[in-house]
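Have a look at the model first, then read on.

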Amino acid sequence: MDNCLFCKIIKGEIPSNKVYEDDEILAFKDINPVAPVHILVIPKKHISCAKNIKVEDEALIGKIFTVINKIAEDLKLDKGFRIVNNCGEDGGQEVMHLHFHLLGGKKLGISF
């Protein structure tokens, strides 16, 4: 997607502070963190949001959660962490590229 912010980050057109990368997944620090640890984990394949995940994406989505666990372990989030995904405008999604927020580094309250 030509105008997708995250696709531009994947292509290296926009810099990011990477914490993980492989052929299918990129993870980088959020530029506006809401917790001491705030990492965005995204598939390199453009999927606009969770409602557009297809059967053929199941392995990729499973791998994203494995990567999230690895990052959490590397960052020593031993006491816990939160994974957030927003879907669509009414769901609070600001960038229309599937992404997961990994939040931690402090005790997180419940906020909905």
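## The hairpin and its neighbour

Start with β1 and β2, which form a hairpin with three residues between them. Strands and helices here are DSSP runs (E, at least two residues, for strands; H or I, at least four, for helices), numbered from the N terminus. This is a predicted model, so to speak of local features pLDDT has to be at least 70, and side-chain atom pairs count only at pLDDT 80 or more, while totals for chains, interfaces and linings use all residues. Residues are numbered from 1 along each chain as its sequence is written, and side-chain values use heavy atoms, with hydrogens and water left out.

Strand β1 (residues 18–21) runs antiparallel to β2, and three bridges join them; for strands to pair, DSSP must find at least two bridges between them. Within that pairing, Y20 sits opposite A27 of β2. β2 is also joined to strand β3 (residues 37–43), again antiparallel, by five bridges, with I25 facing P43 in β3. Four of the five residues of β2 (residues 25–29) are buried, so the strand is mostly covered; buried means under 20% relative accessible area, exposed over 50%, and partly exposed in between (1.4 Å probe, protein chains only).

H99 is in the loop between β4 (81–84) and β5 (100–104), and is buried at 6% relative accessible area. What does the side chain of H99 make a polar contact with? One partner is the side chain of H101, at 3.5 Å. A polar contact is a pair of N or O atoms within 3.5 Å; within protein, one must be able to donate a hydrogen and the other to accept it, and residues adjacent in sequence count only if both atoms are side-chain atoms. The backbone oxygen of H97 also lies 2.6 Å from a polar atom of the H99 side chain. Leaving aside residues up to four places away in sequence, H99 touches F6, L40, V41, I42, V84, N85 and Q93, where contact means heavy atoms within 4.5 Å.

Over in β5 itself is L103, buried with a relative accessible area of 8%. L103 and P36 are 67 residues apart in sequence, yet their C-alpha atoms are 7.7 Å apart in space. With residues up to four places away not counted, the contacts of L103 include V34, V37, F81 and L108.

## Charged pairs

The whole structure has six salt bridges, each a side-chain nitrogen of Lys or Arg within 4 Å of a carboxyl oxygen of Asp or Glu. One of them joins the side chains of K63 and E24 (2.8 Å, N to O). K63 is in helix α2 and E24 in the loop between β1 and β2, so this pair ties together parts that are 39 residues apart in sequence.

K45 forms a salt bridge with D57, the closest N and O atoms being 2.5 Å apart. Both lie in the loop between β3 and α2, so the pair ties together parts 12 residues apart in sequence. Buried or partly exposed? D57 is buried, at 2% relative accessible area, whereas K45 is partly exposed at 40%.

In helix α2, D74 and K70 lie four residues apart, about one turn of the helix, and form a salt bridge at 2.7 Å between the closest N and O atoms. Finally, K18, E21 and K44 are linked in a network of salt bridges.
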